[in-house]
Amino acid sequence: MADISLGFDDAEANKYTDGSSPYFGAVVGRVANRVANASFQLHGRTYALTRNEAGFPGSLHGGGRGWDKVTWRAHKLS
């Protein structure tokens, strides 16, 4: 295993999730753009998403808690 992600020296630093990080260590999440009207249809069913961008009636980058705000733990597969 090797450290291949730009980030802080302290892996437990609150800076990753407190909103001050410039997306260090971020993972592209559910959606890497905006979803218009914060909804989508799949197999005839409409799903509502979180509206999380002021001035835009949509959902940005996966909703209120994007994957850039999640602490991930990697495990080696044998």
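The entries below go through a few residues, a salt bridge and a pocket in this predicted model.

**Entry 1: Ser-59**

I began with Ser-59, which I found in strand S4, residues 59-60. Is Ser-59 buried or exposed? Its relative accessible area is 4%, under the 20% cut-off, so Ser-59 counts as buried. I then followed its side chain, which reaches the backbone oxygen of Thr-50 at 3.0 Å. Setting aside neighbours within four places in sequence, I listed the contacts of Ser-59: Asn-33, Arg-34, Val-35, Ala-38, Leu-49, Thr-50 and Asn-52. Two names on that list, Arg-34 and Ala-38, get entries of their own.

**Entry 2: Arg-34 and its partner**

Next I asked how many salt bridges the count comes to. The count is 1. The side chains of Arg-34 and Glu-53 form a salt bridge, at 2.8 Å from N to O. Arg-34 sits in strand S1 and Glu-53 in the loop between strand S3 (45-48) and S4, so the pair ties together parts 19 residues apart in sequence. I also checked accessibility: Arg-34 is at 42%, so I noted Arg-34 as partly exposed.

**Entry 3: the loop between S1 and S2**

I moved on to Ala-36, in the loop between strand S1 (34-35) and strand S2 (39-42). Not counting residues up to four places away in sequence, Ala-36 touches Phe-56 and Pro-57. I took a C-alpha to C-alpha distance as well: Ala-36 and Lys-69 are 22 Å apart in space and 33 residues apart in sequence.

Ala-38 is in the loop between S1 and S2 too. Ala-38 is buried, with a relative accessible area of 3%.

Why did I stop at backbone angles? Most residues other than glycine have a negative phi. Ala-38 is not a glycine, yet I read a positive phi of about 50° there. His-43, also not a glycine, has a positive phi of about 50°. His-43 lies in the loop between S2 and S3.

Last, I looked at the second largest pocket, which holds about 280 Å³ of space. Which residues lie nearest its centre? I wrote down Tyr-23, His-61, Gly-66, Trp-67 and Asp-68, out of 17 residues that line the pocket. Sorted by class, the lining has 8 nonpolar, 6 polar and 3 charged residues.

How values were computed. Residues numbered from 1 in each chain as written. Predicted model: local features only at pLDDT ≥ 70, side-chain atom pairs only at ≥ 80, totals over all residues. Heavy atoms only, no water. Helix = DSSP H or I, 4+ residues; strand = E, 2+ residues; numbered from the N terminus. Buried < 20%, exposed > 50% of the residue type's maximum accessible area, 1.4 Å probe, protein only. Polar contact = N/O pair within 3.5 Å; in protein donor to acceptor, adjacent residues only side chain to side chain. Contact = heavy atoms within 4.5 Å. Salt bridge = Lys/Arg side-chain N within 4 Å of Asp/Glu carboxyl O. 1 Å grid on protein atoms, 1.4 Å probe; cavity = no way out; pocket = protein on both sides within 12 Å on 5 of 7 lines; lining within 4 Å. Points joined across faces, edges and corners; volume = space filled by probe spheres on them. Nonpolar A, V, L, I, M, F, W, Y, C, P; charged D, E, K, R; others polar.
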